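I opened my notebook and the model side by side. My entries follow in the order in which I looked things up.

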Amino acid sequence: MKTIIVPTDFSPAALNAAYYAADMAKAIDAGILLLHVFYVLVSYTEVPPIIDESVMRENVELKMDELKQQLEHTYGDTLNISAEIKMGGLLNQLESLCNEVQPYAVVMGSQGASATNYRFFGSQSVQAMKQLKWPVITVTRGAKFSDVKKIGLACDFENVIESTPVDEIKKLVGDFNAELHILNSKKDEEPDPEKVFESGLMSEMLAPLPHEYHFITTQNTDEGIIDFIEKNTIDLLIVMPRRHNLLDKLIHRSHTKQLVLHSHVPVMSLHE
């Protein structure tokens with residue numbers, strides 16, 4: 001059975017991500033694996049830590065049981081739900097679990113709890129998108145899962161043969177029976193022969209999968225993509241973090257849109 005890993009810090013955004021993952025899992029006949037990672041500060045003085053490991057573990061076990069029961073109450077026997085609690089660094093433990101489970105995807109909230117020891121999300125979810133080789137989907141508090149009918153792919157049309165995870169894209173589109181919209185944003189309307197050539201290669205690679213190109217002309221290329229997905233009811237946006245700087249710009253605090261942190265459109269990272 002396919003598995004979706006759902007890291008959680010028990011915050012409202014993480015809870016929403018768990019429900020998003022659960023609904024997605026039902027749509028593709030998968031199960032979900034809840035993961036919480038906690039850490040204990042090491043004291044280098046004679047003063048013992050305020051909270052020891054056993055107390056912290058007991059607290060998070062109670063929270064995990066509550067979350068699992070809440071999901072089981074909603075989904076009953078229609079969804080396989082399991083849970084794990086680990087100690088250490090979130091990204092290291094998440095990567096280790098992914099190596100073991102080989103998940104369909106990792107679904108994370110893009111914002112976490114504040115001012116507590118459960119503060120794992122925000123920058124951590126973005127780092128997971130950049131570092132993990134598995135698909136990572138970030139979900140904001142306002143995002144709700146519905147049928148994924150339109151998938152957007154932000155593409156810079158540079159070395160598409162080496163940089164495009166074609167098999168993963170085809171599988172994703174096929175699993176949801178969705179439309180694929182390939183988005184490229186630029187500042188001028190003049191055709192770029194190299195991008196036209198690369199788009200032709202992309203079409204050959206994606207065949208026979210139906211897809212549609214959208215060349216967006218705007219002075220702010222990143223906002224052009226954001227505006228397009230909002231106006232055209234794109235259900236999921238794919239970015240390729242290692243080759244596309246869009247992700248960094250979308251989450252930069254000075255950016256007016258901050259897609260990953262605030263948009264209702266979930267963002268998925270796929271690596272070549």
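**Entry 1: the chain.** I counted ten helices and ten strands in the protein chain. Helices (H or I, at least four residues) and strands (E, at least two) are DSSP runs, numbered from the N terminus. The model is predicted: local features need pLDDT of at least 70, side-chain atom pairs count only at pLDDT 80 or more, and totals for chains, interfaces and linings use all residues. Residues are numbered from 1 along each chain as its sequence is written, and side-chain values use heavy atoms, with hydrogens and water left out.

**Entry 2: burial.** I looked up how much of the chain is covered. Buried residues make up 50% of the 272 residues. Buried means under 20% relative accessible area, exposed over 50%, partly exposed in between (1.4 Å probe, protein chains only).

**Entry 3: strand 7.** I picked strand 7, residues 179–186. Seven of its eight residues are buried. Strands 6 and 7 run parallel and are joined by five bridges. Two strands pair if DSSP finds at least two bridges between them. Lys 150 has Glu 179 in strand 7 as its bridge partner. Strand 7 also runs parallel to strand 8 (residues 212–217), with six bridges. Ser 185 stands opposite Ile 216 of strand 8.

**Entry 4: rings.** I found six aromatic pairs in the structure. Rings of Phe, Tyr and Trp (its six-membered ring) pair if their centres lie within 6.5 Å; planes under 30 degrees apart count as stacked, over 60 as edge-to-face and the rest as tilted. For Tyr 20 and Phe 145, the centres are 5.3 Å apart and the planes at 85 degrees, so the pair is edge-to-face. Tyr 20 lies in helix 1 (residues 12–28) and Phe 145 in the loop between strand 5 (136–139) and strand 6 (150–154), so the pair ties together parts that are 125 residues apart in sequence. Tyr 20 and Phe 145 are buried. Ring pairs link Tyr 20, Phe 145 and Phe 176 into a cluster.

**Entry 5: cores.** Which residues have the most contacts inside the largest nonpolar core? I noted Ile 4, Ile 32, Leu 34, Ile 137, Phe 176 and Leu 180, in a core of 54 residues. Helix 1 gives the largest share of this core, eight residues. Another core lies apart from it, with 27 residues, among them Ile 5, Leu 35, Val 136 and Ile 216. A nonpolar core is a set of buried Ala, Val, Leu, Ile, Met, Phe, Trp, Tyr and Cys residues joined through side-chain atoms within 4.5 Å.
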